[in-house]
Amino acid sequence: MTATFQSKLPNVGTTIFTEMSVLAQQYNAINLGQGFPDFPMDPAITELVNEAMQNGFNQYVHMNGLPALREALAAKALQLYGNNIDANEEITVTPGGTYAIYTAFTALLQKGDEVIVFEPAYDSYIPNIEINAAVVVSIPLEFPAYSINWELVKQKITSRTRAIIINSPHNPSGALLTATDMEQLTDAVRDTNIIIISDEVYEHLVFEDKVHQSVLKYPELYKRSFVCFSFGKTYHCTGWKMGYCMAPPALMKEFRKVHQFNCFTCNSPIQYALATFLQQENAYRGLGKFLQAKRDFFMEAMKATRFVPLPSYGSYFQLYSYEGMSDEKEKDLAIRLIKEYGVATIPVSAFYKSPVENKVLRFCFAKKEETLAAAAQKLVNV
Ligand code: PMP
């Protein structure tokens, strides 16, 4: 007899990203679904990793992250956001941004705590909350701008609200939080015990004249926040799964208690390489322009189709509406686009716990121009 046990995540299946990527492969479709670049990362970084390996930096480093890397990250936070982060007490290097978010939730949540989540939401948030026996309080972002209704937030805050998770630039919509949003958030949590988890993995992928509103820039917010980042998005190496979390000392102390017995310490040679490469400011300062050029190229190519773009000001993603083109549900159309037209996308309805249908699909434009042009070409007759 096979032994069984009760699932801690009874409602969770395979993620939509895996589902769509598997289908894309099966039908040999161009994959604009999952958010990863198809162009090479900067060889200067891989050379630095090789060098670190060859120089023997292959053993465990400090559980909080290589000190030189934490120093470099603290210097960057000071320069970009004016926050004097303590490299010893306020930074932990993690195996990716998702892990940082999970660790923050796990350190924080007790059974029955409420967490406010804005939907559509990156798909790890809700399972992260539920596996900790906490309760998701979902607030829909207002379509089509995907903006936050702060009055609603204030109404949903109760004595049980333990945390609010925010994400800017936002996946899947490419929307950004503004300075006014940050003020509203500050107002909403003032005189409460609410912790903010801020997912800022796309911090450098901001377009036009927009500015990333990091929680690190707002001292009143930062003192109650876990701020989560990913090197995968900054250096086009999503498969490396490297990231970090910044939080004030008392919060970080609890974060590290969880981290210590889960991951303990991250890949050493990559940390040596990143500590050196972070000195090259142009690499991250130029990212917004680089990705914006891809977004613009893709939007130009998509003009030949009937899909209508929704504004995207950041991230790897552009949403397109198919209003007036089809009455299908988002997932059904996404599957048909793979099978009949050879292009994989992600239905935005998959970013809701209870699917909301707005007739929008998410396209990842972090791809070579030839990939983007070929995908748009295939969609001309839809
Ligand atoms: N947050 C959001 C909103 C993301 O889109 C992603 C990457 N898909 C992550 C976190 C996680 O990044 P990582 O691969 O470093 O875990």
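**View 1. Residues around the ligand.** G96, G97, T98, Y122, N167, N171, D199, V201, Y202, S230, K233 and K241 surround the ligand, each with a heavy atom within 4 Å of it. The model is predicted: local features need pLDDT of at least 70, side-chain atom pairs count only at pLDDT 80 or more, and totals for chains, interfaces and linings use all residues. Residues are numbered from 1 along each chain as its sequence is written, and side-chain values use heavy atoms, without hydrogens or water.

View 2. A polar side-chain atom of T98 lies 2.7 Å from a ligand oxygen. For N171, a side-chain N or O atom is 2.8 Å from an oxygen of the ligand. The K233 side chain places an N or O atom 3.2 Å from a ligand nitrogen. Alone, the ligand exposes 400 Å², and the protein buries 91% of that (Shrake-Rupley method, 1.4 Å probe).

**View 3. T98 in its helix.** T98 belongs to helix α4 (residues 97-108); helices are DSSP runs of H or I with at least four residues, strands are runs of E with at least two, and both are numbered from the N terminus. T98 counts as partly exposed because its relative accessibility is 24% (buried is under 20%, exposed over 50%, partly exposed in between; 1.4 Å probe, protein chains only). Beyond neighbours within four places in sequence, T98 contacts Y122, S124, N128 and K241 (heavy atoms within 4.5 Å).

**View 4. Two cis peptide bonds.** Most peptide bonds are trans. E119 and P120 are joined by a cis bond, omega about 10 degrees. P120 sits in the loop between β3 (114-119) and α5 (125-130). The bond from N171 to P172 is also cis, with omega near 15 degrees. P172 is in the loop between β5 (161-167) and α7 (179-189).

**View 5. Y146 and its positive phi.** Y146 is not a glycine, yet its phi is positive, about 55 degrees. Y146 lies in the loop between β4 (135-140) and α6 (150-156). Its relative accessible area is 6%, so Y146 is buried.

Terms used:
A polar contact is a pair of N or O atoms within 3.5 Å; within protein, one must be able to donate a hydrogen and the other to accept it, and residues adjacent in sequence count only if both atoms are side-chain atoms.
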